[in-house]
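Here is a short briefing on a cavity and a ligand site. Please look over the sequence and the model first.

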Amino acid sequence: MNIVVLIKEVPDTYGDRALSLETGLADREAVDAVLDEVDERALEAVLAYADEHPQTNIVLMTMAPESAMATVRKALALGASSAVHISDELLLGADLTLTAEVLAAALKRTGFDLVIAGEKSTDGSAGMLPAMLAELLDAPQLTSLSAVTIADDRVAGTRSTEYGTATVSAPLPAVVSLTEALPAARIASFKGVMAAKKKPVETLTAADLGVDAERYDVPRSIVVSAAERPPRAAGVKIVDEGDAGTQLAEYLIANRLA
Amino acid sequence: MTDFPADSVLVLLEVTPDGALAKTNAGLLGAATGIGSPVALLVAPADSHATLAQGAAALGAGTVLTADADPGALIVPIVDALAAASELVHPVAVLASHSVEGRDAAARFAARTGAAVSVDAVAVERDDEGIVAHHSVFGGAYTTVSAATFAAPVVTVRQGAVDARAEPVATPAVSALQVQASGRPAAAVESFEPLEAASSRPDLRGAAKVVSGGRGLGSADKFALVDQLADALGAAVGASRAAVDAGYIPQSHQVGQTGVSVSPQLYVALGISGAIQHKAGMQTAKTIVAINKDADAPIFDIADFGVVGDVFTVVPQLIAALEAKSK
Ligand SMILES: Cc1cc2nc3c(=O)[nH]c(=O)nc-3n(C[C@H](O)[C@H](O)[C@H](O)COP(=O)(O)OP(=O)(O)OC[C@H]3O[C@@H](n4cnc5c(N)ncnc54)[C@H](O)[C@@H]3O)c2cc1C
C-alpha cells in the first residue's frame, strides 16, 4: 500500500503570528515554523496503520520554501520512508487553485493508493485543498474524518460536520482528510532522528511537474490589502471579595448585555 | 428560462441532512444581494423543492434553480449541479457557506472550473475593480481583502459572520436545472447520525452572546454551570479545546484556532486560561468578561471585565443577581 501524507509547515500558533502588510503573506521571520499539529495527527494515523502493516510505503509530500526542509526531516523522524519537497520561488504566494494543480501533478507522478491530509491548516484555515485534489485526481474524497479505518482495498471513516456525523466509505485510490480529534503524534526516537537524515527527499520545481506557475490567462486569487487590528487593552479587573457576582451583574446590566 | 441578470450571483444554498434550509442561507443571500442579483441553487430531494424554494425566497432569492440530491454520494452530485448552474447563469461570483459541505463543494467546483477562490470571507463587497472578499486572519489579529485577478471568484462565507439580510421575495422564479452527471467517483454515505437534539439555545456561530467553559469547570457534570449562565443570558454555549478533550462537551462547541471563530457582543470565559489559540477564536468579541481564579491568567489581558475568583461561587451569585433584576 502506497500512502502519501500531505504535510505543511506553518507559523507556530503559540507565537504572535504576523502578516506582511505589503504582500499579505505570512511573515516567516515573526515566529518559529513548525509542522502543523493536525498534519502530525494525520501522519500518526498512518504510522499506526503501518505498525500493523509493515508493507506500507509512506511518502511525505509538501509544497513549501527551501527552508521547510528541517520540518520535512523532523516529520521523517517520526516514520515514513521518503519525502517529496516541491520548492520553487515561483510558487511563493500560490493561491489554492495553483497549489492544488501542483500537488495533484506531484501526486500523479509519485503514485498513491491513499492520500491523507490534515483537515485544514492553522495558517490558511481553508480546509479546501483535499477536496480540490480529489477532483483533480478523479478520486473519491473522504474529508473531515474524525475516525478512519484503512483496509487493503477500501477506506472508511466518520465524517464530522456541523450537523452530525456520517459513516462514509470508498474503494481505493482515495483522498482523505483527518481532523484534530485523532490522537496526537508519537515522539520521534533518537534512532528515528538519525534514520531521517538518510531518508531520500526528492526536490521538485513546478516546471519538473509540468506546471506553469506564471500563467496570466487563468484567474488567481490575490490579497489586495492587509491591515493589522489594533490590539485589545485590558479593562477592569476585580478580585472576588464575596460580591463579584453581583458587581458583574451590575456591569452587564449597565452595558445592556443582560 | 434563459435570461439571467448580468450581475447574477450564484448562491449554493446549504441544506441540512434532515432536509431543511440551514440557518447560514440568510447570511449567504444577504451577502449576495449586496453585490448583485442572487440566483439560488437548491440541491435537495425533489419532493422538498417547492417548500424549500419558498423558504429561500423569504430570505431574498428571486430566482431558484432546483436539482435532485443523491444523499448516498458524497459531494459530487452537488458539484455537478453547481457546474451546470454556473454554465447556465454565468454569474459574477459563486457564494457558498464555509461549512464542511459548502467548502467541499466550492473547492471541487473551483478545481473543476479553474476558478479563483476566496475562503472564509466575513464580508463581500463590490468596488471599482470588481468583487472583493474580506477576511479575518490569524485569529482576528489581521484583516485582509482578496480578489480574483479576473473572472468570477468562488467565495466561501464564514458561518454567522454576515449580518446583512435581503428583502423577502413573494413569488420566486423556480425552475428545474438540467444536470449532466460527471461520473466522478464519490464516497458512499452509509448512514448519518445527527448531533444532540437541537436545543433551544442559540447557535454558537453568529450568536450575539456566548458563554464558554474551560478545563476549570472540572467535570462534565459541573460544566452544567456554563449552560445555566448561558440560559440566564440567552447565550450560546462554547468551550475551550481542553474542555472538549476532557469530554465535558462535544467538539462542535469548541471556540478557537481549530474550532469556531465567534465575534459576539458579549463573550464570557469561565475557567479558561486564555491560550493564544483560544483567543484566536474570540478576541474580536465586542465585550469580553472572564472569571478565573488565577490572577495571572492571560485571558485577563483582553478582558473588559475580569473577576479573579472561583467560578463555582461567582457564577451562581451572578445568575441569582440577574434573575433578581429580571423580576
Ligand atoms: C494547533 C493547536 C490548536 C489549538 N486550538 C485550540 C482551540 O481551537 N481552542 C482552544 O480553546 N484551545 C486550542 N488549543 C489549545 C490551547 O493551547 C490550550 O491548551 C487550551 O485553550 C486550554 O484550555 P483551558 O483554558 O480550558 O485550560 P487551561 O489552560 O488548563 O486553563 C484552565 C483555567 O481554569 C482556571 N480555573 C481552574 N479552576 C477554576 C475555578 N474553580 N474557578 C475559576 N477558574 C478556574 C485555571 O486558573 C486556568 O486558568 C490549541 C492548541 C494547538 C497546539
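The largest cavity in this predicted model is lined by A:Glu119, A:Gly127, A:Pro130, A:Ala131, A:Thr143, A:Ser144, A:Ser177, B:Arg103 and B:Asp104. A cavity is a set of points, on a 1 Å grid over the protein atoms alone, where a 1.4 Å probe fits but cannot get out, and lining residues have an atom within 4 Å of a point.

**Cavity**
- The volume of the largest cavity is about 40 Å³, a volume being the space filled by probe spheres set on the points.
- Its lining has two nonpolar, four polar and three charged residues (Ala, Val, Leu, Ile, Met, Phe, Trp, Tyr, Cys and Pro are nonpolar; Asp, Glu, Lys and Arg are charged; the others, Gly among them, are polar).

**Ligand site**
- The site is shared between chains, because residues from chains A and B surround the ligand.
- Of the 28 residues around the ligand (a heavy atom within 4 Å), B:Arg215, B:Ser240, B:Ser273, B:Gln277 and B:Asn292 come nearest.
- Seven nonpolar, 15 polar and six charged residues form this shell.

**Polar contacts (N or O pairs within 3.5 Å)**
- A side-chain N or O atom of B:Asn292 is 2.7 Å from a ligand oxygen atom.
- A polar side-chain atom of B:Thr258 lies 2.8 Å from a ligand nitrogen atom.
- A backbone N or O atom of B:Gly271 is 3.0 Å from a ligand oxygen atom.

**Conventions**
- Residues are numbered from 1 along each chain as its sequence is written, and chains are lettered from A in the order in which they are written.
- Local features need pLDDT of at least 70, side-chain atom pairs count only at pLDDT 80 or more, and totals for chains, interfaces and linings use all residues, while side-chain values use heavy atoms, without hydrogens and water.

Technical notes: A polar contact is a pair of N or O atoms within 3.5 Å; within protein, one must be able to donate a hydrogen and the other to accept it, and residues adjacent in sequence count only if both atoms are side-chain atoms. On a 1 Å grid over the protein atoms alone, a cavity is a set of points where a 1.4 Å probe fits but cannot get out, and a pocket is an open set with protein on both sides within 12 Å along at least five of seven lines; lining residues have an atom within 4 Å of a point.
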